[in-house]
Amino acid sequence: MDFKEFGFLILSHFIAIYYWLEAIFRFFVPRARKDVRGDIVLVTGAGSGIGQRLCIEFGKLGCEVVGWDISEVGLERTKKIMADENLESHFFCYKCDLSDRHQVYDSARKVKSDVGDVTILINNAGIVTGKKIMDCHDELMIKTMEINAISHFWTIKAFLPSMLEKDCGHIVTVASGAGLFGVPGQVDYAASKFAAVGLTDALNMELVHMKKNGVKTTTVCPYYIDTGMFDGVDTSILPIIKLDAAVELIVDAILREKVYLLMPRLLYFIYGLRGLLPAKSMLIMGKATGVLRSMDSFVGRNKSK
Ligand SMILES: NC(=O)c1ccc[n+]([C@@H]2O[C@H](COP(=O)([O-])OP(=O)(O)OC[C@H]3O[C@@H](n4cnc5c(N)ncnc54)[C@H](O)[C@@H]3O)[C@@H](O)[C@H]2O)c1
């Protein structure tokens, strides 16, 4: 390390303290919401749950909304709701299987020519098997990784170039609390969500390193939400989050350009503790709070509907 690097190291400690103070200030006085009127927002997994609600909310905010989903029935449902809200002319939907990168690139080309350059990309689609590792079929595990994590490579590669060109845009990852902590019955799911968190984290660093400060990233890590995806899970430790409340927080985090959104807030505390406490004490806490058995009663969306 030369003298200049050493100087920068010392300076970086003071800058880090400044950012700490800024974070505390921002906790009480949040950054103003950005105006997204006229933005082109692409939501994957738009046919159901969180994705469907994000389409509606961004439509109401004056955006052109592009919805992707593998389910045509789901997309039709979202289209109907958008029509009921008088937002039909601002909604463009495309059937796309995210686990097939050729479909992702083809659909991206269509979006570019039909609607324009996407300015906010929300990687939201996801699946969960809910099976323990030895009970989970290889193909299902691969699918989980492909949809929940690997597809983000293709969507980002498809839509980031125009954001970089204008130094303006936003990449949002709807990951999960399972992207921060492992839970029994979620080995494949947690692996895919840790990957999604990691890739967005590295992308954020890459953007800063490229001095593309106008392109933002937001990583969303929620606990269970009542969309049906996790039907049957034992959520006795913390109440399941209502879809409305979750979507409100996600939209707010995007508009305020938050880098991370963990919900409920308690997750920030537990995540911090994890860095401080010995691994065994986290395990004991998991046992005592019932987290370790939460997936034992999992049914999931497909079997419950
Ligand atoms: N619901 C929860 O408790 C919860 C908690 C934390 C994180 N999440 C995450 O939030 C996101 C949305 O979850 P949700 O609860 O709204 O689920 P959901 O099942 O209601 O919606 C997921 C959507 O993704 C679509 N999809 C699945 N495979 C696809 C594929 N190959 N190509 C394109 N689309 C595909 C589905 O058709 C569906 O419309 C997921 O990534 C999920 O992992 C959910």
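## Where helix 2 meets helix 3

In this predicted model, Gln52, Cys55, Ile56 and Gly59 of helix 2 touch Gly74, Arg77, Thr78, Ile81 and Met82 of helix 3. Sort the residues of this contact by type and you get 4 nonpolar, 4 polar and 1 charged.

How are the two helices set against each other? Helix 2 covers residues 49-60 and helix 3 covers residues 72-84, and they pack at an angle of about 30 degrees with their axes 10 Å apart. Angles under 35 degrees count as roughly parallel, so that's the label for helix 2 and helix 3. As for handedness, their crossing is right-handed.

## A closer look at Gly74

Gly74, one of the residues on the helix 3 side of that contact, is worth a stop of its own. Is Gly74 buried or exposed? Its relative accessibility is 0%, so Gly74 counts as buried.

Setting aside neighbours within four places in sequence, Gly74 is in contact with Gly47 and Gln52.

## Over to His152 in helix 5

Now hop to helix 5, which spans residues 138-166 and includes His152. With 2% relative accessibility, His152 falls under the 20% cut-off, so this residue counts as buried too.

Which residues does His152 contact, leaving aside its neighbours within four places in sequence? They are Asn123, Ile147, Thr173, Ala196 and Leu199.

Conventions: Residues numbered from 1 in each chain as written. Predicted model: local features only at pLDDT ≥ 70, side-chain atom pairs only at ≥ 80, totals over all residues. Heavy atoms only, no water. Axes fitted to C-alpha atoms, helices over the stretch in contact; angles between N-to-C directions. Helix = DSSP H or I, 4+ residues; strand = E, 2+ residues; numbered from the N terminus. Parallel < 35°, antiparallel > 145°, perpendicular 65-115°, else oblique. Left-handed = near helix turned anticlockwise from the far one by under 90°. Contact = heavy atoms within 4.5 Å. Nonpolar A, V, L, I, M, F, W, Y, C, P; charged D, E, K, R; others polar. Buried < 20%, exposed > 50% of the residue type's maximum accessible area, 1.4 Å probe, protein only.
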